[in-house]
Amino acid sequence: MFPDIYIPTCRPIEKQHTYNLLPKFLKKKVIFLLRDPTGFEHLNYIISPARSAYTAFEHVKQIAEERGVPYWQMDDDMTALTRRLHLWGNATRKQIEARHTSNVFPILWETRFCTLQDWKDLVKTTQQMTKTHELVSFANRGTIACPWRYPCAEGLVGRTVWCFSGRPLDASWLTIPTPYADVDFAFQVITAGHRVARFESYCITTLPSGMHGLTKRDHLASRTALIKRWRPYVKAKDTRKGRNDTRVTLPAQIIKYLMRYSRDVAKGTVRLRNKHV
């Protein structure tokens, strides 16, 4: 049995990038969350009063957890899903980490667009993983591929596509304002003791900007709230002056902490409550 796939959206039917990318057997499982069903009458949908993406995500969480079965939640702007093949050669960890600072670098992996069989493999694997993990997600296309995180990295959370177990999560999408609520949600899930993992063998590509209509003030307010809740683990900076594309960067120590913490959670030896709430 395939999981239901919830896609909150305000885009018209002709601009449903994620839906158009899905193979036919998964399109049948899609449930849109809409404010206006015009154009979607022939598809499955739920009318949602949500005025923002993360309010819609919280609505999905409530609906799905009441049912208690595994489900997927997807942004509506995914344009490609690729699969990395394991071709590491003799590269060392030092060489791999130097990739961003050196143009002289061996080809370590091969990437291809997912075939129908890749999609089927992905569904089968996530179904198995959500038996032991509360959340499984995917790396972004630009994420560096590392042998020690392949094919799946414990303790890391991706964006755009989330595969949930359906068991209740001690986390909310509405703790801080858009657009960094998903980063905050990831921290909540991990520090509440839930087991998570991120695929490094599958990578997501999205449209350049999924946050339409947000101002620089919106970004600043969101990142300020994120830093306040998760200091000193989160640092933020503007990558381009005068542009509304502020980015949050996670220092290496928090990544190491999360991976170590998740392993301890998996062993049942640690359960840390979120003291930042």
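Is Trp173 buried or exposed? I find Trp173 buried, because its relative accessibility is 1%, where buried means under 20% relative accessible area, exposed over 50% and partly exposed in between, with a 1.4 Å probe and protein chains only.

Before going on, I note that this is a predicted model, in which local features need pLDDT of at least 70 and side-chain atom pairs count only at pLDDT 80 or more, whereas totals for chains, interfaces and linings use all residues. Residues are numbered from 1 along each chain as its sequence is written, and side-chain values use heavy atoms, with hydrogens and water left out.

**Entry: contacts and cores.** I listed what Trp173 touches (heavy atoms within 4.5 Å), not counting residues up to four places away in sequence, and found Tyr54, Phe57, Glu58, Lys61, Gln73, Trp162, Phe164, Ala181, Asp182 and Phe185. I then looked up the nonpolar cores, each a set of buried Ala, Val, Leu, Ile, Met, Phe, Trp, Tyr and Cys residues joined through side-chain atoms within 4.5 Å. The largest has 29 residues, and Tyr6, Val157, Trp162, Phe164, Trp173, Phe185 and Leu226 touch the most other members. At least two residues of this core come from each of β2 (30-34), α3 (53-67), β9 (161-164), α6 (181-191) and α7 (216-230), these being DSSP runs numbered from the N terminus, with helices (H or I) of at least four residues and strands (E) of at least two. Helix α6 gives the most, with 7 residues. Apart from this core lies another of 28 residues, among them Val30, Met78, Phe138 and Cys163.

**Entry: aromatic pairs.** My search of the whole structure gave 15 aromatic pairs, counting rings of Phe, Tyr and Trp (its six-membered ring) with centres within 6.5 Å, and calling planes under 30 degrees apart stacked, over 60 edge-to-face and the rest tilted. Phe57 and Trp173 are edge-to-face, because their ring centres are 5.0 Å apart and their planes stand at 65 degrees. This pair links distant parts of the chain, with Phe57 in helix α3 and Trp173 in the loop between β9 and α6, 116 residues apart. Phe57 is buried too, with a relative accessible area of 3%. For Trp162 and Trp173 I noted centres 5.3 Å apart and planes at 75 degrees, so this pair is also edge-to-face.
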